Amino acid sequence: MGASRPGDLPAVHDALVCVALPALSVSPRQAQLTGAGLEGVYLSGRRLLSRCVLRIAGREPVPLQGRASAADRADFLGVVRTPGDIGPDPGLTVERSREADGTERITLRSSAPRTVRLPVEIALGTDLADLGAVAAGRPGPELRASVHGTGLRWTGTDGSAVAVTADPPPSDALAAAGLLRWEAELTPGDGFVLTLRVRGERITRQPGGGAGRPGGHILADATAEGDDPRLGELLRTSLADLRALLQRDPVHPVDVHLAAGVPWRCGPVTAEALWAARMALPLGTRLAATTLRALARTQIQGAGPESGRVSGPLRDAGPHLPPRCTGVEATLAFPAVLAEARRWGLPEQDLAELMPAAERCLEWLRASLDDSGFVRESGPAGPVRAETQAHAHRAAVLGADLLDACARPGGDAWREWARALRDRFRDRFWIDDPTGGRPALARTPDGCRLPYFGGWAAHLLDTGLTASGRYAPGLLDKSQTERLARLLTAPGADSGWGLRGLGTKEPGYNPLGHRSGAVRTHETAVAVAGLSAAGYEAESAALLRGILDASAAFGHRLPEMYAGERRTSGSLPVPHPAACRPAAVAAAAGVQLLAVLVGVRPDAPGRTVALHPLRSAPLGEVRLSGLLVDGEPFAARVGRLGLGMVEEAAPGLQLGV
């Protein structure tokens with residue numbers, strides 16, 4: 001593979017990616033690993049195995065099917081025509097099952113009426129390259145193997161090593177060619193089974209790839225059922241992907257957080273991990289607590305204007321804005337997620353431990369305000385972003401609730417600041433025009449409003465959960481909110497599969513652009529929730545149906561983004577070649593969409609839980625069970641008439657309004 005240009009990434013949209021971090025495998029649908037692109041088995045960002053090619057009687061199997069059967073396993077089916085076959089019907093089937101850690105089970109089955117003996121060989125190879133080098137097209141040469149036990153072993157120049165063992169042991173092993181050979185004897189009605197196991201040695205762990213797999217119990221075993229069977233599949237797959245993406249903090253292994261996405265972003269805790277933990281709150285508060293703890297340890301210490309800000313990298317913000325600091329996003333999300341976790345039943349000891357970090361986030365917010373009272377970004381002066389003001393407003397309103405709950409001063413002052421921000425935002429960020437107006441993407445330092453509309457505007461509806469299951473006021477007034485609801489569901493923004501990052505009529509629109517036209521799963525889920533909370537149920541239901549249809553087309557494993565191509569009769573959503581799949585925010589979006597459909601709004605401190613389902617019941621009857629509210633199992637059902645009913649809840653929890 002030749003060197004890639006800067007920014008290039010190998011296409012992974014059609015690969016079968018199996019994940020159980022810190023292990024992952026990337027397989028083509030025909031099963032044979034050839035080392036092309038990103039193919040291989042990885043551990044903590046090192047490619048343990050790049051080549052695994054099976055031949056039977058000198059022939060490679062004809063691939064018939066390859067599919068992901070679980071988050072951490074892919075299954076393949078192929079056939080081989082053997083010398084004794086008569087006519088066009090192949091007499092040998094080949095079943096392969098490959099797991100995230102490289103363990104592979106190969107089963108040969110013969111339909112011949114007599115015993116068949118066939119030579120079987122597997123060609124293996126590795127470069128022990130870093131994933132980054134593989135992605136850049138510079139993996140390095142294959143290493144020379146040595147015979148080791150019942151298989152082969154390779155050693156890198158840095159002392160790292162990998163061994164592949166086989167059961168049953170091969171009859172022959174050729175180190176120079178990387179070959180293992182067997183003589184398979186297949187009797188009628190029986191099969192020949194061989195198992196390969198891959199073991200890395202002295203593999204240096206990357207930041208964020210702490211030792212050991214976290215227990216899946218950190219997320220509740222929720223289930224969904226109802227008239228639309230896709231709901232159950234979406235929740236099952238989303239939960240499996242979230243568990244597969246869990247990784248331990250390398251310094252504090254008791255704390256667990258989600259990798260942002262596979263295969264590209266499996267490093268330290270990120271803003272995406274926090275957003276995903278927030279959307280997964282219906283599955284319990286432990287993930288939110290451990291993610292917040294990990295982020296709190298990255299806060300900038302000492303004096304100065306950046307004190308209290310969570311660290312984070314710069315990321316692309318689309319064609320009309322400079323790169324954004326994800327640390328700012330995480331800093332503003334911190335108090336809001338902590339406040340909402342409290343509503344879902346966060347234990348008091350976790351709240352007390354995390355509250356000082358939340359206060360430091362609010363202190364950074366105060367210090368980051370410009371002369372106009374808006375939140376500026378870190379770094380050189382640039383445009384003031386509307387989305388950042390929405391995050392800041394939510395942080396202030398929910399942060400004020402936290403301060404009151406913990407008997408800390410300042411709550412009233414933050415509520416007053418939020419009220420004043422609403423007035424300023426409505427005056428300076430809203431662009432009036434004959435069609436009803438629109439929010440500006442940003443304001444430049446000279447006061448110019450950038451009018452480019454897209455899915456980013458959904459964050460203006462994400463106001464945050466407060467007492468008694470009510471949502472906080474938003475930055476927009478009633479008429480502006482109504483106009484925004486219409487814009488979000490207009491053909492320019494809604495592709496039919498979800499919200500585009502930038503509308504089709506805007507300059508710089510690119511249906512495959514990360515923030516310039518591709519559908520971003522997280523923003524679509526935010527819009528579904530925000531529209532529902534604001535009372536625009538028809539618009540919410542339309543977006544919900546679109547993303548659910550997209551989910552089914554992607555096998556219920558939603559990618560972080562996909563093309564914003566317009567949906568037409570008989571079409572399918574177009575994948576983005578470099579999108580992470582699974583991705584934390586996309587997997588958690590499946591949980592949030594179902595929670596919106598049922599309308600679960602808890603207030604554990606107030607000992608209430610309210611149900612505000614979509615009254616039109618757009619997907620018929622649905623039942624969610626196995627959720628956690630106040631640390632206890634919670635189940636609710638919504639009937640075909642849109643009426644909700646709590647079926648299981650913590651003792652003493654009252655139904656709110």
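Biologist: Which residues does His 393 touch, not counting residues up to four places away in sequence?
Modeller: This is a predicted model. In it, His 393 touches Trp 417, Ala 418, Leu 421, Arg 422, Pro 473, Gly 474 and Leu 475. His 393 itself is found in helix H7, residues 386-405.

Biologist: Why is His 393 called buried?
Modeller: Its relative accessible area is 3%. Buried means under 20%. His 393 falls under that limit, so the word applies.

Biologist: Is Ala 617 buried or exposed, and how do you know?
Modeller: Ala 617 has 11% relative accessibility. The limit for buried is under 20%. Therefore Ala 617 counts as buried. Ala 617 is found in the loop between strand S31 (608-611) and strand S32 (622-629).

Biologist: Which value does phi take at Asp 630?
Modeller: Phi of Asp 630 is near 60°, again positive in a residue other than glycine. Asp 630 lies in the loop between S32 and strand S33 (632-638).

Biologist: What makes Asp 630 partly exposed?
Modeller: Its relative accessibility is 26%. Buried needs under 20%, and exposed needs over 50%. Asp 630 is in between, so partly exposed is the term.

Biologist: Why do H2 and H11 count as roughly perpendicular?
Modeller: Helix H2 (residues 230-244) and helix H11 (residues 537-553) pack at an angle of about 70°, and their axes are 10 Å apart. Angles of 65 to 115 degrees count as roughly perpendicular. The angle falls in that range, so H2 is roughly perpendicular to H11. H2 passes H11 in a left-handed crossing.

Biologist: Which residues of H2 and H11 meet?
Modeller: From H2, they are Arg 230, Leu 231 and Leu 234. From H11, they are Leu 548, Asp 549, Ser 551 and Ala 552. By class, this contact has four nonpolar, one polar and two charged residues.

Biologist: Why is H4 called roughly parallel to H6?
Modeller: Helix H4 (residues 286-296) and helix H6 (residues 348-367) pack at about 30°, with axes 10 Å apart. Angles under 35 degrees count as roughly parallel. The angle is under that limit, so H4 is roughly parallel to H6. The crossing of H4 and H6 is left-handed.

Biologist: What residues meet where H4 packs on H6?
Modeller: Ala 289, Leu 292, Arg 293 and Ala 296 in H4 meet Asp 350, Glu 353, Leu 354 and Ala 357 in H6. By class, there are five nonpolar, no polar and three charged residues.

Biologist: How do you know that S33 and S34 pair?
Modeller: Four bridges join S33 to strand S34 (residues 644-648). Pairing takes at least two bridges, so these strands pair. S33 and S34 run antiparallel. Arg 637 stands opposite Met 645 in S34. Their hairpin has five residues between the strands, and Gly 642 takes a positive phi near 85° there.

Biologist: What makes S1 and S5 edge strands?
Modeller: They belong to an open sheet of four strands, ordered S1-S2-S4-S5, with antiparallel pairing. S1 (16-20) and S5 (46-49) each have a single partner strand, so one side of each lacks a neighbour in the sheet. Neighbouring strands of this sheet are turned by 25° against each other on average, direction ignored.

Biologist: How many bridges join S2 to S4?
Modeller: Four bridges join S2 (residues 23-27) to S4 (residues 40-43). Ser 25 stands opposite Val 41 in S4.

Note on methods:
Residues are numbered from 1 along each chain as its sequence is written. This is a predicted model: local features need pLDDT of at least 70, side-chain atom pairs count only at pLDDT 80 or more; totals for chains, interfaces and linings use all residues. Side-chain values use heavy atoms; hydrogens and water are left out. Axes are lines fitted to C-alpha atoms, for helices over the stretch in contact, and angles run from 0 to 180 degrees between N-to-C directions. Angles under 35 degrees count as roughly parallel, over 145 as roughly antiparallel, 65 to 115 as roughly perpendicular and the rest as oblique. A crossing is left-handed if the near helix is turned anticlockwise from the far one by less than a right angle, and right-handed if clockwise. Contact means heavy atoms within 4.5 Å. Ala, Val, Leu, Ile, Met, Phe, Trp, Tyr, Cys and Pro count as nonpolar, Asp, Glu, Lys and Arg as charged, and the others, Gly among them, as polar. Buried means under 20% relative accessible area, exposed over 50%, partly exposed in between (1.4 Å probe, protein chains only).
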